[in-house]
Amino acid sequence: MKAVIVKEKGQNPVYTTDFKPVEVSSSEEVLMKIKAVSIKNLDRAIASGKHYSVSTKPFAPFVIGTDGVGELPNGTMAYGFGLQGMLSEYAIVDKNQLVPLPKGIDLAMAAAMPNALMGSVIAMVVRARLQKGEVVLINGATGVTGQVAVQMAKHYGASKVIVTGRNEEALSSLKELGADEAISLYQDKETLVTAFSQVHQETPIDVVIDYLWGDSASAILTALKGKGKYQHRTRFVNVGAMSGDMMELSSSILRGTDIMLLGSGIGSWTDEEMVRFFKVLLPEAFDLAVAGKLRLDTVSYPWQEISEVWDMSLSSGKRLVMMTE
């Protein structure tokens with residue numbers, strides 16, 4: 001079977017034509033003929049052997065890729081999670097984690113979009129319970145997931161979307177996607193606190209979606225702190241830690257602010273919430289993409305070129321997708 005595999009521990013993935021074929025072993029599984037698989041940070045971490053899900057397991061050659069799109073035996077095109085590796089001629093997927101694709105959707109976009117939606121839509125709708133008319137601050141919005149978060153916040157009725165980032169060009173382009181105000185993170189913490197405080201005073205922030213943690217998150221939390229009077233309630237949802245996993249948090253911020261601190265990631269989502277994502281939220285987003293109301297930029301290559309593009313540096317906001325045909 002054709003596949004992209006990690007052949008030896010610690011080495012980059014390679015394309016092969018003679019990997020062992022996969023077989024369906026239960027009625028809850030289905031064989032999917034793969035068409036496109038996006039390459040995400042998660043896939044890279046697993047391939048390197050550093051991800052916690054594989055770091056302690058005995059090594060054996062394996063297929064990379066956690067999710068993707070392809071054709072089911074009945075001819076339906078669908079998105080699904082792989083029970084094993086996904087970037088192969090055929091892959092086994094869980095029937096309960098399949099989402100049929102609407103006609104006309106770009107397959108590369110369909111492969112790349114769900115991961116970004118998990119990091120944005122679940123955080124906003126499930127964890128923060130965003131309501132129409134609320135103000136949203138997206139901290140670290142210039143990446144793929146942040147860009148999707150901007151668009152989906154507007155779709156769900158946010159009255160104002162504030163974004164932050166370090167890439168000035170990418171930060172400016174977010175206004176084309178619906179951002180109302182941008183704050184550069186190329187400022188010292190004191191200046192950032194002032195900027196966030198001013199925004200919060202003008203239009204109180206209801207929801208923070210944070211992809212960075214670290215100094216910028218600390219500046220936001222400090223800016224939300226009250227001065228002895230009741231402060232507007234804010235739901236702060238952490239999704240990532242691109243600026244570092246640790247941060248000092250003064251207890252006075254919690255005592256002086258009506259704030260709800262939340263996380264969004266595997267371990268915080270219930271089974272019911274994941275069913276809602278696959279049955280309602282993801283299909284809705286696919287329809288938005290077909291209608292031209294949700295944008296995500298991809299860079300596609302044939303899967304035979306995996307060795308050449310694996311370490312390729314992409315511009316901000318683009319996702320690498322490997323196509324099998």
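Biologist: Is Ile-46 buried or exposed?
Modeller: The model is a predicted one, and in it Ile-46 has a relative accessibility of 17%. Buried means under 20%, so Ile-46 counts as buried.

Biologist: Where does Ile-46 lie?
Modeller: Ile-46 is part of helix H1, which covers residues 41-48.

Biologist: And which residues is Ile-46 in contact with, leaving aside its neighbours within four places in sequence?
Modeller: Its contacts are then His-51, Ser-53, Val-54, Phe-62 and Thr-66. Thr-66 is 20 residues from Ile-46 in sequence, and their C-alpha atoms are 9.3 Å apart in space.

Biologist: Let us move to Pro-114. Which helix is Pro-114 found in?
Modeller: Pro-114 belongs to helix H2, residues 107-118. Its relative accessible area is 0%, so Pro-114 is buried.

Biologist: What does Pro-114 touch, not counting residues up to four places away in sequence?
Modeller: Pro-114 touches Asp-67, Tyr-79, Phe-277, Leu-282 and Phe-286. Phe-277 is 163 residues away along the chain, yet the C-alpha atoms of Pro-114 and Phe-277 are separated by 9.6 Å.

Biologist: What about contacts in the protein chain as a whole, between residues at least 6 apart in sequence?
Modeller: Of those contacts, 69% join residues at least 24 apart.

Biologist: How many helices and strands are there in the protein chain?
Modeller: The chain contains 10 helices and 15 strands. Its radius of gyration is 21 Å, close to the 20 Å that the globule rule gives for 325 residues, so the chain is as compact as a globular protein of that length. Buried residues account for 52% of the 325 residues.

Biologist: Now helix H7, please. Why is H7 largely enclosed by the rest of the structure?
Modeller: Helix H7 spans residues 214-224, and it is largely enclosed because 9 of its 11 residues are buried. Among them are Gly-214, Ile-220, Leu-221 and Leu-224.

Biologist: What do the buried residues of H7 pack against?
Modeller: They pack against strands E8 (135-139), E11 (207-210), E12 (234-238) and E13 (259-263), and also against helices H6 (189-202) and H8 (251-255).

Biologist: In which sense do E8 and E11 pair, parallel or antiparallel?
Modeller: Their pairing is parallel, over 4 bridges. Within it, Ile-138 has Ile-209 of E11 as its bridge partner. E11 and E12 also run parallel and are joined by 4 bridges, with Asp-210 standing opposite Asn-238 in E12.

Biologist: Let me change topic once more. In what order do the 3 strands of the open sheet come?
Modeller: The order is E2-E1-E4, with antiparallel pairing. The edge strands are E2 (14-16) and E4 (62-63), each of which pairs on one side only.

Biologist: How many bridges are there between E1 and E2?
Modeller: Strand E1, residues 3-6, pairs with E2 over 3 bridges. In this pairing, Ala-3 stands opposite Thr-16 of E2.

Notes. Residues numbered from 1 in each chain as written. Predicted model: local features only at pLDDT ≥ 70, side-chain atom pairs only at ≥ 80, totals over all residues. Heavy atoms only, no water. Buried < 20%, exposed > 50% of the residue type's maximum accessible area, 1.4 Å probe, protein only. Helix = DSSP H or I, 4+ residues; strand = E, 2+ residues; numbered from the N terminus. Contact = heavy atoms within 4.5 Å. Pairing = 2+ DSSP bridges. Rg over C-alpha atoms; globule rule 2.2 N^0.38 Å.
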